[in-house]
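Subject: A structure for you to explore

Hello! Here is the structure I promised to pass on, and my notes follow below it. Please keep the 3D view open while you read.

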Amino acid sequence: MTVIRILDSQQANAAIPELCEILADCVKGGASVGFMQPYTAADAEPYWRSVAETVGAGVNLLAVAEIDGKIVGTVQVGFASMPNQPHRGDLKKLLVHRSARGKGLARLLMEAIEYEAARHGKRLLVLDTATGSEAEAIYPRLGWERAGVIPDYAMWPEGGYCATTLFYKRIAA
């Protein structure tokens, strides 16, 4: 059975070991999500601890996808911090463990996080993703609009520059 949950700070802290496994698997699989290879679950722990802190501070939403009680996917929305952007959120780290792909989890995670972001007063979400990646193809199918491409914005986890595609989506409250 698949369950999508929005985690509070305590739940986020409890989920750190599983979230570390997902992030390490995605980086190992070549996902350009901010980290370089080699990258292990232990390397991911400081990142997820900081995410749990932001969840506790109320400036980040964290959703997870579970199959039979095991977390296999995640996504976040960070709330824009500038006074002129109270309506905007930044979608971050849509990650699905490679063993759980092809089950519609990305769509379920996105639907849940978009709903929750709208519930928190967000009307516009933005994201960036590696141009030419498998992830880039997901967003237009979920109603996201392509805003443009920035060359050499980041690096692939195994090295070498990659362009980044920017997307946005207006969401309803």
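This is a predicted model: local features need pLDDT of at least 70, side-chain atom pairs count only at pLDDT 80 or more; totals for chains, interfaces and linings use all residues.

Where is Gly143 placed? Gly143 lies in the loop between helix 4 and strand 6.

Residues are numbered from 1 along each chain as its sequence is written, and side-chain values use heavy atoms, with hydrogens and water left out.

Back to Gly143: its relative accessible area is 40%, so Gly143 is partly exposed. Gly143 and Tyr161 are 18 residues apart in sequence, and their C-alpha atoms are 27 Å apart in space.

**The overall picture**

The UniProt record, an unreviewed entry, has the annotation "domain: N-acetyltransferase" over residues 2-172. Positions from UniProt are given in the numbering used here, feature names are shortened, and annotations may be inferred rather than shown by experiment. Over residues 2-172 the chain is 35% helix and 35% strand, and the end C-alpha atoms are 25 Å apart.

**Helix 3 and the cores**

Helix 3 covers residues 105-119, which makes 15 residues. From first C-alpha to last it reaches 21 Å, close to the 21 Å expected at 1.5 Å a residue; the expected span is 1.5 Å times one less than the number of residues. Its buried residues include Leu105, Leu109, Met110 and Ile113. After the helix comes Gly121, with a positive phi near 85°.

Which residues touch the most other members of the largest nonpolar core? They are Val75, Val77, Leu91, Met110, Tyr139 and Trp144, in a core of 27 residues. Such a core is a set of buried Ala, Val, Leu, Ile, Met, Phe, Trp, Tyr and Cys residues joined through side-chain atoms within 4.5 Å. Among the elements that give two or more residues to this core are strand 3 (70-79), strand 4 (88-96) and helix 4 (134-141). Helix 3 gives the most, with 7 residues.

**Rings**

A search of the whole structure finds 5 aromatic pairs. Rings of Phe, Tyr and Trp (its six-membered ring) pair if their centres lie within 6.5 Å, and planes under 30 degrees apart count as stacked, over 60 as edge-to-face and the rest as tilted. Why is the pair of Tyr139 and Trp144 edge-to-face? Their planes are at 65°, with the ring centres 6.1 Å apart, so the pair falls in that class. Tyr139 is buried, at 5% relative accessible area, and Trp144 is buried too, at 3%. Elsewhere, ring pairs link Phe35, Tyr39, Tyr47 and Trp48 into a cluster.

The charged end of Lys122 sits over the ring of Phe79, 4.6 Å from its centre. This label needs NZ of Lys or CZ of Arg within 6 Å of the ring centre and within 35 degrees of the ring normal.

**Backbone features to look for**

Most residues other than glycine have a negative phi, and most peptide bonds are trans. With that in mind, have a look at these:

- The peptide bond from Gln37 to Pro38 is cis, with omega near -5°; Pro38 is in the loop between helix 1 (9-28) and helix 2 (41-56).
- Lys93, in strand 4, has a positive phi near 50° and is partly exposed at 22% relative accessible area.
- Asp152, in strand 6 (residues 145-155), has a positive phi of about 50° and is exposed at 54%.

**One last residue**

Ile6 belongs to strand 1 (residues 2-6) and is partly exposed, at 31% relative accessibility. Ile6 and Ala63 are 57 residues apart along the chain, yet their C-alpha atoms are separated by 4.3 Å.

Enjoy exploring!

Conventions:
Helices (H or I, at least four residues) and strands (E, at least two) are DSSP runs, numbered from the N terminus. Buried means under 20% relative accessible area, exposed over 50%, partly exposed in between (1.4 Å probe, protein chains only).
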